[in-house]
Amino acid sequence: MAKSVFFFGEGRSDGDPKRRDLLGGKGAGLAEMTSLGLPVPPGFTISTEVCNAFSGEGKLPAEVIAEIDAALKEVEKATGARFGDAENPLLLSVRSGARASMPGMMDTILNLGLTERTCAGLAKRTNNRRFVLDAYRRFVTMFGDVGLGIKRALFEEVLDQARGRVALTRGIDVTRLNLEELKKKVPDSEIGEAELEGIVRAQKEIVARETGRPFPDDPHEQLTLAIAAVFGSWNNHRALVYRRMHDIPDSWGTACNIQAMVFGNMGDTSATGVAFTRDPSTGARKLYGEWLPNAQGEDVVAGIRTPMPLANDGKDDNSLEAKMPAAYRTLVDIANKLELHFRDMQDLEFTIQDTKLYMLQCRAAKRTSRAAVRAAVEMVGEKLITESEAVLRVDPSSLDQLLHPTLDPKAEKTLLARGLPASPGAAQGHVVFSADEAEKIGSQGKPVILVRIETSPEDIHGMKAARGILTARGGMTSHAAVVARGMGKACVAGTSQIAISYSQETMTIQRSEGGPIVLKKGDLITLDGGTGSVYLGAVPTVPASLGGEFD
Ligand SMILES: Nc1ncnc2c1ncn2[C@@H]1O[C@H](COP(=O)(O)OP(=O)(O)O)[C@@H](O)[C@H]1O
Ligand SMILES: [Mg+2]
């Protein structure tokens, strides 16, 4: 096999960023940002060809293992930390990334390399044991789920039990709260050191019980298993469904990116977030995105906490711009630089570790057709692209999105709740609370609206079958929002007034006027993804009209 492991770091990249076929989109983006001199944690990409070899043989070829060892040494040199070291341990992320973007369909493991030894060392070095334990419980959860195939819910239960104990010590009556409310009262970031220590112990016991072996405490064994899991995730069910939906050939394979960790969960001067160089719903030219302080990247996309806006719009002083102005300015500069370089709207992931900003991902942004048209027209005006390039920027197959009907403004409507306008379009349908149910009822030709607390990649088949998606939690860049925009489906996200009970198959809506309303499975609702409104019943629609950019 030709060279198959490509280092990136310290301003240079071994891989050619144009070879997305080998490096995958994420690997190519990391290589390119590194070459541009942007602050990217060093790492290396194992090529998609290795994924195919792995799928065939069930293990990594010996020469690839040697290349990985050599690349790991380079990362150690670039960071000054060592993998498995007791004093200054290097921790890694192990990330999937195919040629075409498949958001959340495959697996990623963060904080790999934590063991009893490195945990103690890192706690001493950072003088922040809480942070290390927070990283550790995340690692055990992700590794247990992705690397060892244990149900994630088992690990989360342990976390939620701890949440309940914290609530009790604060005198909160937990018997009156459902899990959603409890999570709001006691977010992850408020679980203390002693509790975290117990959580890690209990989670490791789950692993021992489920696998019959103790949690792997050797970083090299962790790494080997993680790489195998990432390559294996190319063939998991949801990835297959997504590939079929988007005509992505099975033969492409995913690359595996291994990268030094940076930590957004080190305290209040650390944070993580996502940004779009233009608004992905409207195309307006303004840095748009969301962030969370003291959190790791997955928290923003998974919708675990509802994130805060990047830009200060005058109303919201929880913006990154207001709270961390220097990091915000750096981000704006980098966003501009990347747009100029790629000459297209970008979707970015970043993490701030103790006030210093790092870039973790860039890619061409998924956008609505409306945004595609507006951004393309404005980029011509800005002399970023030519008119003929602009035409190519609008995917013809998605143009019918612009023709989606909108709600009849004259129709009588009963507003139930308001969430975030995550993906435009109007949709009516019967409420269902699970992806399987959406698929079942949808396949009978009945319109359904999939209602979830938040969606996850396992819900993809249900999202496909639904006319629209409604979530209680998560922001404009949550899984539901990103995937719905990609599919051109109406989505209202982060609707905090609704409380969902999966077991009773109901949603309870706390209305600002009038008392609470309870809707059951099968009830009709209407979503307006353009405004984030949720209405009772099926509201009539009118055909769409096109915006001025069409002239
Ligand atoms: N080296 C790293 N340091 C800190 N956070 C990371 C690192 N690598 C990945 N992450 C974060 O983990 C999350 C998931 O990673 P990613 O590989 O991008 O998965 P996905 O393709 O689902 O976005 C992202 O929010 C990303 O920013
Ligand atoms: Mg990502």
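**A helix across the strands**

Tutor: Happy to! Keep in mind that this is a predicted model. Let's start with helix α18 (residues 479–487), which lies across β16, β19 (468–471) and β20. Its direction is at about 45 degrees to β16.

Student: OK, and what is the strand order in the sheet that has β16 in it?

Tutor: That open sheet has eight strands, in the order β15-β25-β24-β17-β18-β19-β20-β16, and the pairing is mixed. β15 (415–418) and β16 (420–423) are the edge strands with a single partner each, so one side of each has no neighbour in the sheet. From one strand to the next, the twist averages 30 degrees.

Student: How many bridges join β16 to β20?

Tutor: Three bridges join β16 to strand β20 (residues 490–493), and the two run antiparallel. In that pairing, Leu 420 stands opposite Ala 493 in β20.

Student: Which strands does helix α16 touch?

Tutor: Helix α16 (residues 435–443) packs on the sheet and touches β17 (426–432) and β18 (448–452). The direction of α16 makes about 175 degrees with that of β18.

Student: Is Gln 361 buried or exposed?

Tutor: Gln 361 is buried, because its relative accessible area is 5%, under the 20% cut-off. Glu 349 has a relative accessible area of 21%, so it counts as partly exposed.

Student: And ligand 1? Which residues come nearest?

Tutor: There are 15 residues around ligand 1, and those that come nearest are Lys 26, Arg 95, Thr 108, Glu 349 and Gln 361. An N or O atom in the side chain of Gln 361 is 2.7 Å from an oxygen atom of ligand 1. Thr 108 has a polar side-chain atom 2.9 Å from an oxygen atom of the ligand. With Val 262, a backbone N or O atom lies 3.1 Å from a nitrogen atom of ligand 1.

Student: Nice. Where is Ser 270 found?

Tutor: Ser 270 is in the loop between β8 (254–260) and β9 (271–276). Ser 270 is buried, because its relative accessibility is 0%. Setting aside neighbours within four places in sequence, its contacts include Phe 263, Asn 294, Met 324 and Asp 354.

Student: Let's go to the start of the chain. Why is β1 described as largely enclosed?

Tutor: Five of the five residues of strand β1 (residues 5–9) are buried, so the rest of the structure largely encloses it. Val 5, Phe 7 and Gly 9 are on one side, with Phe 6 and Phe 8 on the other, and both faces are covered.

Student: Which strands is β1 joined to by bridges?

Tutor: Four bridges join β1 to strand β3 (residues 43–46), running antiparallel, with Val 5 opposite Ile 46. Two bridges join β1 to strand β2 (residues 12–13), also antiparallel, and there Phe 8 stands opposite Ser 13. In the hairpin of β1 and β2, with two residues between the strands, Glu 10 takes a positive phi near 50 degrees.

Notes
Residues are numbered from 1 along each chain as its sequence is written. Chains are lettered from A and ligands numbered from 1 in the order in which they are written. This is a predicted model: local features need pLDDT of at least 70, side-chain atom pairs count only at pLDDT 80 or more; totals for chains, interfaces and linings use all residues. Side-chain values use heavy atoms; hydrogens and water are left out. Buried means under 20% relative accessible area, exposed over 50%, partly exposed in between (1.4 Å probe, protein chains only). Two strands pair if DSSP finds at least two bridges between them. Axes are lines fitted to C-alpha atoms, for helices over the stretch in contact, and angles run from 0 to 180 degrees between N-to-C directions. Contact means heavy atoms within 4.5 Å. A residue is near a molecule or strand if one of its heavy atoms lies within 4 Å of it. A polar contact is a pair of N or O atoms within 3.5 Å; within protein, one must be able to donate a hydrogen and the other to accept it, and residues adjacent in sequence count only if both atoms are side-chain atoms.
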